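Here is a short briefing on one structure.

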Amino acid sequence: MIEHRKIIADLDSGNETLIREAAFAAGHDKIVETVPRLVKLVESSSLGVQEAAEAALRNIRGAETVRALAPLLRSDDAPVRNISMDVLRQIGVDDMATLSDLLRDEDADIRIFTADIMGSTASAMAVQPLCDALLKDSEVNVRYQAAMSLGNIGLAEAVPALNQAMQDEEWVQFAVIEALTKLRAESSV
C-alpha cells in the first residue's frame, strides 16, 4: 500500500517524468483508485503523459474505468475524444450498461460514437441495444453505424432487425447489406 500511495503522489506531482512512470506503474498494478487521475491525464498536453495514462487505463479496465472515460466522448479536443473511443473499444465490454445508456443520449454524435464502440466489443449484450438503435433512432448516421456494428459483432440474432432495416434510407441500406454479408445471412439476400 505504501507503494500505491507513492504512485498516487507521483501522479499528482506535476513532474512529467514521474507522472509517466507512475501511470505505467498504476496500470501494471491495476490500481483502480488512480482511474480518475489517469482520465484527467488523458487530457494532458504532453503526448508522453497521454500515452502512459491511456496504457494504464487499458490495463486497469473495469466498469469504473468505462464510466470515467465516457465523459471524454464529449470533449471538443479530437485527440482526447479519440483516445477515449479507442480505449472504450477495448474495454467497453466491462460495462455494457453504461454504453447502452449512452446509445440513448440526446446528442447524436455520442450515439454514433457509442454504436461504433459497441461494435468492437464482440459482446452479445450489444446486439439488442444496437438493433433498437438501428430500428428506432431518429438520426440516419446512428442507424448506419448501428448496422455496421451489428455486422462487426457478427451474431445471427441481429438478422431480423437488419432485414427490417432494409426499408430504411439508402445510406442505411448500404450498411445493412454489408452487415448481412458479414453475417453470411444468405436467406436475407
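Helix 10 is largely enclosed by the rest of the structure, because twelve of its 14 residues are buried. The model is a predicted one.

**Helix 10**
- Helix 10 covers residues 140-153.
- From first C-alpha to last, helix 10 reaches 20 Å, close to the 20 Å expected at 1.5 Å a residue.
- The buried residues are V140, V142, R143, Y144, Q145, A146, A147, M148, S149, L150, G151 and I153.
- Their cover includes helix 8 (108-119), helix 9 (127-136), helix 11 (159-164) and helix 12 (170-183).

**A161**
- A161 counts as buried because its relative accessibility is 8%, against a cut-off of under 20%.
- Beyond its neighbours within four places in sequence, A161 is in contact with C131, L134 and L135.
- The C-alpha atoms of A161 and V176 are separated by 9.4 Å, with the two residues 15 apart along the chain.

**S75**
- S75 is buried, with a relative accessible area of 15%.
- The S75 side chain reaches the backbone nitrogen of D77 at 3.0 Å.
- Neighbours within four places in sequence aside, S75 is in contact with V80 and R81.

How values were computed:
Residues are numbered from 1 along each chain as its sequence is written. This is a predicted model: local features need pLDDT of at least 70, side-chain atom pairs count only at pLDDT 80 or more; totals for chains, interfaces and linings use all residues. Side-chain values use heavy atoms; hydrogens and water are left out. Helices (H or I, at least four residues) and strands (E, at least two) are DSSP runs, numbered from the N terminus. The expected span of a helix is 1.5 Å times one less than its number of residues. Buried means under 20% relative accessible area, exposed over 50%, partly exposed in between (1.4 Å probe, protein chains only). Contact means heavy atoms within 4.5 Å. A polar contact is a pair of N or O atoms within 3.5 Å; within protein, one must be able to donate a hydrogen and the other to accept it, and residues adjacent in sequence count only if both atoms are side-chain atoms.
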